[in-house]
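Please look at the sequence and the model first.

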Amino acid sequence: MSQVLEYSEKVMDHFTNPRNVGEIENPSGVGTVGNAKCGDIMRMYLDIQDGVVKDAKFKTFGCGAAVATSSMVTELVIGKTVEEALKVTNKAVMEALDGLPPVKVHCSLLAEEAIHAALWDYATDNGITIEGLEPPVKDIEEKEGHESAE
């Protein structure tokens, strides 16, 4: 028997009218993460100038919650410094979307990791260190378990 998931109006809005879809030409950083278990793949593009995220775009292959979290996380990081962008957590993404069903929490982890992966790419390309930034994971299954937002 399939389970009916309840999504907030904000999740539905960001799914049906996603913000910042696409690619950035000559991005400062690109990060790609996935979840082998559910098949979601998220690619995040950042345009960083003078240490500030000027633009963020995404391409996501996945469920509605994956699209919604991708859309929301781009809105949350645009205009922030790289240090502030690094502090945008999956919990912040879920709160901004008025919550996610428990079985979709991994989508917010994907969004957080995609931003971290793009910041890592930016830092590596520019030979800089962003305090607190760790090497990205390719599959969020590697992180799930000890970073659950339950």
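Which residues in α1 meet which residues in α2?

V11, H14 and F15 in α1 are in contact (heavy atoms within 4.5 Å) with G64, V67, A68, S71, M72 and E75 in α2. The residues of this contact divide into five nonpolar, three polar and one charged. Here Ala, Val, Leu, Ile, Met, Phe, Trp, Tyr, Cys and Pro count as nonpolar, Asp, Glu, Lys and Arg as charged, and the others, Gly among them, as polar.

The axes of α1 (residues 9-16) and α2 (residues 64-77) are 8 Å apart and cross at an angle of about 90 degrees. That makes α1 roughly perpendicular to α2 (65 to 115 degrees). Axes are lines fitted to C-alpha atoms, for helices over the stretch in contact, and angles run from 0 to 180 degrees between N-to-C directions. Helices (H or I, at least four residues) and strands (E, at least two) are DSSP runs, numbered from the N terminus.

## The model

This is a predicted model, in which local features need pLDDT of at least 70, side-chain atom pairs count only at pLDDT 80 or more, and totals for chains, interfaces and linings use all residues. Residues are numbered from 1 along each chain as its sequence is written, and side-chain values use heavy atoms, leaving out hydrogens and water.

## The sheet

Three strands form an open antiparallel sheet in the order β1-β2-β3; two strands pair if DSSP finds at least two bridges between them. β1 (29-35) and β3 (52-61) each have a single partner strand, so one side of each is left without a neighbour in the sheet. Nine bridges join β2 (residues 40-49) to β3.

How values were computed: Parallel < 35°, antiparallel > 145°, perpendicular 65-115°, else oblique.
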